[in-house]
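Here is a short briefing on charged pairs and a nonpolar surface patch. Please have the model open while you read.

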Amino acid sequence: MEKTLLYQFLIDVPRAAAIWSVLLVLALGVLTVLVARPEPAPSPDRDPDLPDEDAAAADLRRYAGEVAVAAAGAAQNAARRREAWQRAQAELDRAWAAYDEAETAARRLAAAGALPAPGTPPHPRRVRRQGTLAAPRRDDGVLAG
């Protein structure tokens with residue numbers, strides 16, 4: 001078995017080296033052709049350094065169109081964001097008004113809680129008697145409210 005593996009290795013290595021050598025020669029040949037290829041000759045009727053005016057104008061028109069489309073999209077996005085902000089601001093105002101109402105009610109209830117609860121509800125006769133006693137003094141504090 002060892003002889004067979006060693007024999008195959010000694011036979012296959014030169015074959016692989018030959019294949020890689022052929023591939024390397026082909027790659028160098030392609031590279032030489034690409035490097036040595038001549039440049040196309042410029043047309044004699046115009047200067048090669050100056051860009052074509054029609055092409056430049058077309059590029060500017062295309063760029064202006066792209067800028068116009070981008071500006072329209074930005075305007076739509078700004079309008080959408082402004083509407084969302086206004087809705088959020090209105091919701092904030094409603095929430096703040098509700099908070100103010102709740103705080104006012106809570107303060108009123110806290111102030112009412114400071115008064116002691118009556119032990120027994122006043123009897124109508126008692127209320128009438130207090131009213132008649134207060135009448136000659138013109139004290140209507142019992143009858144008020």
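The notes below cover salt bridges first, then the patch.

This is a predicted model. A search of the whole structure finds three salt bridges. Side chains of opposite charge can pair when their charged atoms come close.

- Arg-15 and Asp-12 join their side chains in a salt bridge, at 3.6 Å from N to O.
- Both residues, Arg-15 and Asp-12, sit in helix 1, which covers residues 2-35.
- Arg-15 and Asp-12 are three residues apart, about one turn of the helix.
- Arg-15 counts as exposed because its relative accessibility is 52%, and exposed means over 50%.
- Asp-12 has 41% relative accessibility, so Asp-12 counts as partly exposed.

**Salt bridge of Arg-62 and Glu-66 in helix 2**

- The side chains of Arg-62 and Glu-66 form a salt bridge, with 2.9 Å from N to O.
- Helix 2 spans residues 53-113 and holds both Arg-62 and Glu-66.
- Arg-62 and Glu-66 are four residues apart in helix 2, so about one helical turn separates them.
- Arg-62 counts as partly exposed because its relative accessibility is 48%.
- Glu-66 is partly exposed too, at a relative accessible area of 43%.

**Salt bridge of Glu-103 and Arg-107 in helix 2**

- Glu-103 and Arg-107 meet through their side chains in a salt bridge, at 3.0 Å from N to O.
- This pair, Glu-103 and Arg-107, also lies in helix 2.
- Glu-103 and Arg-107 are four residues apart, so the separation is about one helical turn.
- Glu-103 has 27% relative accessibility and therefore counts as partly exposed.
- Arg-107 counts as exposed because its relative accessibility is 58%.

**Nonpolar surface patch**

- Ile-19, Trp-20, Val-22, Leu-23 and Leu-26 make up a nonpolar patch on the surface.
- Together, these five side chains' residues have about 570 Å² of accessible area.
- Ile-19, one of the patch residues, is found in helix 1.
- Ile-19 has a relative accessible area of 53%, so Ile-19 is exposed.

**Points to keep in view**

- Helix 2 holds Arg-62 with Glu-66, and Glu-103 with Arg-107.

Terms used. Residues are numbered from 1 along each chain as its sequence is written. This is a predicted model: local features need pLDDT of at least 70, side-chain atom pairs count only at pLDDT 80 or more; totals for chains, interfaces and linings use all residues. Side-chain values use heavy atoms; hydrogens and water are left out. A salt bridge is a side-chain nitrogen of Lys or Arg within 4 Å of a carboxyl oxygen of Asp or Glu. Helices (H or I, at least four residues) and strands (E, at least two) are DSSP runs, numbered from the N terminus. Buried means under 20% relative accessible area, exposed over 50%, partly exposed in between (1.4 Å probe, protein chains only). Patches are made of residues with over 30% relative accessible area and no salt bridge: like charges are joined within 9 Å, nonpolar side chains (Val, Leu, Ile, Met, Phe, Trp, Tyr) within 5 Å. Accessible areas come from the Shrake-Rupley method with a 1.4 Å probe; for residues, only the protein chains shown count as cover.
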